[in-house]
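Here's a walk through a fold, one piece at a time. Have the viewer open and follow along.

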Amino acid sequence: MPDNDPLVPDPGPRANTGAPPSAPSPGIVLMPHTHWDREWYEPHDVFRLRLVHVLDDVVGRLEADPELRFTLDGQAAAIEDYLAIRPEHTERVRVLVERGQLALGPFLILLDEFCCDGETIVRNLELGIASSERLGGFMPVGYLPDMFGHAAQMPQILRGFGISHAALWRGVPDVVREHGFAWRAPDGSAVRCEYLFDSYGSALDLFAGPGRLGELSSRYRGQTRSWYGEDPVLGMLGSDHSAPWPDLMERVRAHNTALAATGAPALGVATLAEYLADRPSDTDALAALRTVPGELRSHARGNLLPGVFSIRTNLKALMADAELALTRAERLDALYSVEDHRAFFDLAWHRVVESSAHDSITGCGVDETADQVGARLASAAHIGRAVTGRVAAALAQSVPSDAFVVLNTLPWARRVQAEVIVEGDEPPAGAQVLDEHETTLGDETMDSADLVRILRRIHGRELFGQLITDYAWGEGSLRFEVAEVADTPFDLAALTAEITERASVPGTRPWRVVTLAQPRRRLLLDVEVPALGHVAVRPSEAVGVPATTSATERHLANGLLDVVVAGDGTLTLTGSDGTVLHGVGRLVDEGDRGDAYNFAPLAGASALDTPTCVHVAVVAAGPLRAAVEIERRYDVPVRVDPEDRDRRLDETEELHTRMLVEVRAGEPFARLTVTLTNTVREHRLRLHVPLGEPITQSASAGQFAVTRRGRTGEGGWGEFPLPTFPATGFVSAGNAHVLLAKLTEYEVVTPQDGSPRSDDEAGSDEEAGDELALTLVRAVGMMSVNVHPLRDEPAGPQIPVPGAQYVGTEVTTKLAVLARAGGWEAAETAHWAEVFRHDAVVQRGSAPAGGPLPAPVTGPSLEGPAVLSSLRSLRDGDSGVLEARLASVSDTSAAVRFVDPSGAAWRATDLRGHPTGERVNDGVMQVGAWSVRTLRRAAVTSTGVDAGGAADRR
């Protein structure tokens, strides 16, 4: 079988499968473990204190009993947290890992697979495996015990790291009736999946009563025989934040000694990897198992808790911002930096990954936890922004100060809109003026003795954030002139002497001190930028463009899209192919009696969607960008009635929303930015996109896949399967394609007969149909409620979380709507979703003004049905390398071309960087449907693309 066959089992370097202890052939194999929520109903450091004491005990007992085993929850963050407090125990831990008694990894954190991007899942495994290997090896099992459903591409990601087994609980469809099945990703990769159908504490009841282990183990073996047949039963022996019983091994040995008398099944003790070591995961073995394709989001035997996708939505925005900031910064750093930012990226990605934990990014913890998650994600984004600014500033050193360098972080040439600030009395003819800046920065009167205060404001020649270009004394006056760029001499010593002289004159004299900036304007330039490259532009030389975009209070257009604003503030979009969407942007508010985990509708309560006031104003009129702002005000009930939870109080509070509607030249979609400050409690606010027809399925992008979903979810457990779903990159339904800037919960809904419609929809029954409802805000006050109308059991402790009500919190949601018939593929939605998220990076030049502009520089370019997930510098042994990761966005195999102007040869690798042997000829490769492909090449030293300095040091 070829080395690059995705089904070849390969545990990877130092994967620790261990060896099971000697014992009678077990009928039940116990897996002692803990499920360690790193932060949840307590913040991280509270749980860490508990963790340290638990692991102190576990480490000591593992050392004392070589037959005891412990699986540390599949996440290396737990052992990192422990050793940060107990560094003196590092060698003790390493010995236990190498002996196979303690199983670590492979993940850094037990993530929520839908609340982060696919690239973050890859970095999670990278960090977790590296951390575990430093301590003796990683567990080669994708252990996913408590995630709220599972992403379709997880089998492909696991295989990419040489992991051929998974083990999980939630989301498996009811059709599965065996303890093992083949879980297949959209690209065809598959892993053997051990189904924890009775959750991760299935064997706890065996030890429920003293002296009953034989009886209870026999009963349990019989109850599970239909699942396991003659295979040993996997008994999950552990729970949240707990350690095995101190006398576990004594009880197991006593039980096994008495087998002849009791007839009970023998008990073994093993790590998860040891239990799975005898279960083959090669192609033939998987072919003999039931195959389950794609994402796992069934409620059949476990709660999925889908409300976590809509609670604390600002956390989801921070995650998306951090991921985008880092991947953009890595691209620019890899190609154009000669400095080593590796430590910064390592720190930032660690913060992102640890924030992706399934009780962290989901927002279903206490307020303290949410605050800490938000701070970590914001700091990660700051690092990305700082690296990007550093790289751009270095490139700007060769660009004159009256020009700007514009950088493209996408792998194809395109036209971008670059925002710049320029000075001068008249704006350049080829630019669009967005706004004009204030010219008077300071105007005050002071006595002579106070003139010296002026010197405290001046640093070098900087004053009020700009540079002094001139100053002049008048009769009782001093006037400063400042600008962003100064090309005239300035003598601070002379100014100091002049101020000191005037301040020392006896008596008081009033002086008027005025600081004037040159006229400054924020302009929009139309710039053509090379693929992953940069170009210098001088605004004064900007070429005028045809007036393609225009705006009035009721109409926006750009030649590809037509937008009409109705009296109620909703929109009618007409796409370039004639597709019409009526009523886009209708806001619908309803009460929510649920909790952080699950939405709960109010019985009989009607939704609210009629604004009390609508105001529309033109913000930009073209020719490059046209925009209007639509203000809508709603009188919304202040909360659910505490005495009758199926109704809302009559008292209302005004909810003020602003929706910026923007069309840009060359874009076939309308950008919408909805901003509000939440004023009410216990409600859900959604933005609707009517589809004009009934539909049977939707498609949403995220985690290296586009997943097609029906209108319903599979139930069967104690949770009603509300058909609300997650989307990360975009969601498409019918002829509407919504591009997203963050994880967004959506649902396809059918408006009830007689429900209100927008002005444009009224009287258009022939065009009525289903609608996409996208959640903007969901606000509740309890982490979990004990009694929930759609869930039989609590999801956690009933703890107040006032911060999740979001009262006084500003929420901004950015999305775009594209109207096009034929499905998401015909609309090129994957391409436009990348364009929507990647604005240009712009930096003012710092070389002397008036000089020649440097030539444009082109980076690697991508052609074919794929997107670029990552481009970064790495160290491979003693050499620096460039790594690129491409993700197919096609249902069929296709040729993809990754063209590198350096001429260096790329080689295909798996996600660990191991060569696969796949051919890459002149950057061209055949990429299978939904395949993720990783390429590496040596760093190239040049003065243009791929400066190589950073890569050479990594």
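Two strands count as paired if DSSP finds at least two bridges between them; strands (E, at least two residues) and helices (H or I, at least four) are DSSP runs, numbered from the N terminus. What you have is a predicted model, where local features need pLDDT of at least 70, side-chain atom pairs count only at pLDDT 80 or more, and totals for chains, interfaces and linings use all residues. Residues are numbered from 1 along each chain as its sequence is written, and side-chain values use heavy atoms, with hydrogens and water left out.

Start with strand 29 (residues 652–664) and strand 30 (residues 669–677), which pair antiparallel over six bridges. Thr 657 has Leu 676 in strand 30 as its bridge partner.

Now zoom out: this pair belongs to an open, antiparallel sheet of nine strands, ordered 27-28-29-30-39-36-35-32-33. Strand 27 (613–621) and strand 33 (705–709) are the edges, each pairing on one side only.

Next, look at helix 13 (residues 342–355). Its 14 residues reach 20 Å from first C-alpha to last, close to the 20 Å expected at 1.5 Å a residue (the expected span is 1.5 Å times one less than the number of residues). Its buried residues (under 20% relative accessible area, 1.4 Å probe, protein chains only) include Phe 345, Trp 349 and Val 352. The buried residues of helix 13 pack, with heavy atoms within 4.5 Å, against helix 4 (118–133), helix 12 (313–336) and helix 14 (367–396).

Last stop: Thr 744, in strand 37 (residues 744–749). Thr 744 is buried, at 5% relative accessible area, and touches Phe 725, Pro 726, Ala 727, Leu 774 and Thr 775, not counting residues up to four places away in sequence.

Note on methods:
Buried < 20%, exposed > 50% of the residue type's maximum accessible area, 1.4 Å probe, protein only.
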